[in-house]
Amino acid sequence: MSDENGLQGGNETILIVDDHETIWDFLIDVLQKLGYCVLLAENGLDAVEIYRSNPQEIDLVLLDMIMPKCGGHQAFYQLKAIDPKVKVLLSSGFVSEHEVEDLLEQGACGFLPKPHRLPVLIKEIRRILDEAKEA
């Protein structure tokens, strides 16, 4: 499924973990228009709980690195403990790729700086989901 701009969608479930309402409102709208099922967590603690409560149902986690209650690093390791095969795309406007290298080495699928460039974000989501199908 693709939109009028040629952005490739799908029917997978994506968990957005972000504490900024303007970001999640925009992402939810775009991803749902592309056919994805979207869940939302406002912090890392909620993300871990939602992931644990929906075993085998979440195909990708879009994880902000800087959040209250439980930041991206903590949340990532807790998600990996629940499911070593979890697909996580890291995101932040305040850290560099160098600062998340440890998570990339531990299996995070990629890192995108904020603000999100929509075509890049959508292509990266599709790349990760398609690679997971091939594996």
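This briefing covers the sheet, the nonpolar cores and the salt bridges of the structure above. The model is predicted. Five strands form an open, parallel sheet. The largest nonpolar core has 23 residues. The whole structure holds nine salt bridges.

**Sheet**

- The strand order is β2-β1-β3-β4-β5, and the pairing is parallel.
- β2 (37–41) and β5 are the edge strands, each pairing on one side only.
- On average, neighbouring strands are turned by 20 degrees against each other, with direction ignored.
- β4 and β5 run parallel and are joined by four bridges.
- Opposite L89 stands G110, a residue of β5.
- Helix α3 packs on the sheet, where α3 touches β3 and β4.
- The direction of α3 makes about 155 degrees with that of β3.

**Nonpolar cores**

- In the largest core, of 23 residues, those with the most contacts inside it are L15, V17, V61, L63, L79, V88 and L90.
- Five elements each supply at least two residues of this core: β1, α2 (44–53), β3 (60–64), α3 (72–82) and β4 (88–92).
- Another core, of 21 residues, lies apart from the largest one. Among its members are L7, I16, V30 and L31.
- L15 has contacts beyond its neighbours within four places in sequence. These partners are L39, L40, A41, A47, I50, I58, L60, V61 and L62.

- K114 forms a salt bridge with D18, and the closest N and O atoms are 2.6 Å apart.
- K114 lies in the loop between β5 (110–113) and α5 (118–134), and D18 lies in the loop between β1 (13–17) and α1 (21–33), so the pair ties together parts that are 96 residues apart in sequence.
- Both K114 and D18 are buried.

**Salt bridges within helices**

- In α1, K33 and D29 are four residues apart, so about one helical turn separates them.
- K33 and D29 form a salt bridge, with the closest N and O atoms 3.2 Å apart.
- K33 counts as exposed because its relative accessibility is 59%, and the cut-off for exposed is over 50%.
- D29 has 37% relative accessibility, so D29 counts as partly exposed.
- In α5, R127 and E124 are three residues apart, so about one helical turn separates this pair.
- The side chains of R127 and E124 meet in a salt bridge, 2.6 Å from N to O.
- R127 has a relative accessible area of 30%, so R127 is partly exposed.
- E124 counts as buried because its relative accessibility is 18%, and buried means under 20%.

**Salt-bridge network**

- Four residues are linked in a network of salt bridges: E12, R126, D130 and K133.

**H20**

- H20 sits in the loop between β1 and α1. D18 lies in the loop between β1 and α1 as well.
- H20 has a relative accessible area of 38%, so H20 is partly exposed.
- H20 and D64 are 44 residues apart along the chain, and their C-alpha atoms are separated by 9.6 Å.

Methods: Residues are numbered from 1 along each chain as its sequence is written. This is a predicted model: local features need pLDDT of at least 70, side-chain atom pairs count only at pLDDT 80 or more; totals for chains, interfaces and linings use all residues. Side-chain values use heavy atoms; hydrogens and water are left out. Buried means under 20% relative accessible area, exposed over 50%, partly exposed in between (1.4 Å probe, protein chains only). A nonpolar core is a set of buried Ala, Val, Leu, Ile, Met, Phe, Trp, Tyr and Cys residues joined through side-chain atoms within 4.5 Å. Contact means heavy atoms within 4.5 Å. Two strands pair if DSSP finds at least two bridges between them. Axes are lines fitted to C-alpha atoms, for helices over the stretch in contact, and angles run from 0 to 180 degrees between N-to-C directions.
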